[in-house]
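Hi,

Here is the model I promised to pass on. Have a look at it first, and then read my notes below.

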Amino acid sequence: MAGLEDLYREIILDHYRNPRNRGELESPPAHRCEGFNPLCGDEVVLTFEMDGDTVTDLRVGGQGCSISQASASMMSAAVIGKSAEEIRELTRAFKAMMSIHEETIGGDGSEAHDGAGSSEPGGGDGGSLRLGDLEALRGVVKFPVRIKCATLGWNALASGLDETVDAS
């Protein structure tokens, strides 16, 4: 379905050219975490503020390919205002979508998802989770070497949340 692939490509390019939440919060008080992909040189720097266990603000810095930077932009828009547990659930759903074992790997991405739900292995309860613009990254699974690009920001945020939530 060329129309859907074109739409997804445009969403990715829009987030790359006009990244959401670009910049850096003063650290401290903001928490800072970084991700680096030595295979391609992508780097993501995240600074985020929390109120209790809720991310109230998040900024994205760094440099890299369109996939890593667009994914980090989409992630930032998706996680602000969510609790650490909600972010972990969203991360699991996103990584399940990025799994090279997903049933739709050879398809155009329209078979399994209608913009909602998770194909999380093990029957995760992400069935009502909406991925929104993140669905545009579904086609990355066709290029396994690029999956690390798409998940770089997510892995950095997960590490940052683990350090922050565990410390409190």
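This is a predicted model: local features need pLDDT of at least 70, side-chain atom pairs count only at pLDDT 80 or more; totals for chains, interfaces and linings use all residues.

**What I found**

Of the 168 residues in the chain, 45% count as buried, where buried means under 20% relative accessible area, exposed means over 50%, and partly exposed is in between (1.4 Å probe, protein chains only). Residues are numbered from 1 along each chain as its sequence is written, and side-chain values use heavy atoms, with hydrogens and water left out.

**Overall layout**

The secondary structure comes to four helices and three strands, in the order α-β-β-β-α-α-α along the sequence. Helices (H or I, at least four residues) and strands (E, at least two) are DSSP runs, numbered from the N terminus. For contacts I used heavy atoms within 4.5 Å. Of the contacts with a separation of 6 or more, 65% are between residues 24 or more positions apart.

**Helix H1**

H1 covers residues 2-17, and at 1.5 Å a residue its 16 residues should span 22 Å; the end C-alpha atoms are 22 Å apart, which agrees. (The expected span is 1.5 Å times one less than the number of residues.) Which residues of H1 are buried? They are Leu4, Tyr8, Ile11, Ile12 and His15. Seen down the axis of H1, these buried residues fall within an arc of 95°, so they line one face of the helix; the arc is that of the directions from the helix axis to the C-beta atoms. Helix H2 (66-79) is included in what covers the buried residues of H1.

**The core**

The largest nonpolar core has 38 residues, and Leu46, Leu137 and Leu157 touch the most other members. Here a nonpolar core is a set of buried Ala, Val, Leu, Ile, Met, Phe, Trp, Tyr and Cys residues joined through side-chain atoms within 4.5 Å. The elements that give two or more residues to this core are H1, strand S2 (42-51), strand S3 (54-63), H2, helix H3 (84-97) and helix H4 (147-167). H4 gives the most, with eight residues.

If we leave out residues up to four places away in sequence, Leu137 touches Ile12, Ile67, Ser71, Met74, Phe94, Met97 and Met98.

**Strands**

S2 and S3 pair in the antiparallel sense over nine bridges; two strands pair if DSSP finds at least two bridges between them. Their hairpin has two residues between the strands, and Gly52 takes a positive phi near 70° there. Glu49 stands opposite Asp57 in S3.

Phe48 is in S2 and is buried, with a relative accessible area of 0%. Its contacts, not counting residues up to four places away in sequence, include Leu25, Val55, Asp57, Leu157 and Thr164.

Asn37 sits in strand S1 (residues 31-37). Buried or exposed? Asn37 is buried, at 5% relative accessible area. Leaving aside neighbours within four places in sequence, Asn37 is in contact with Asp42, Lys148, Cys149 and Leu152.

**Salt bridges**

How many salt bridges does the structure hold? There are nine, counting a side-chain nitrogen of Lys or Arg within 4 Å of a carboxyl oxygen of Asp or Glu. Some of them:

- Arg20 and Asp14 form a salt bridge, the closest N and O atoms being 2.5 Å apart. Arg20 is partly exposed at 27% relative accessibility, and Asp14 is partly exposed at 30%.
- Arg59 and Asp57 meet at 3.2 Å, N to O. Arg59 is partly exposed at 23%, whereas Asp57 is buried at 17%.
- Arg88 and Asp162 meet at 3.1 Å, N to O. This pair links distant parts of the chain, with Arg88 in H3 and Asp162 in H4, 74 residues apart.
- Glu24, Arg32 and Glu34 are linked in a network of salt bridges.

Cheers

Key. The expected span of a helix is 1.5 Å times one less than its number of residues.
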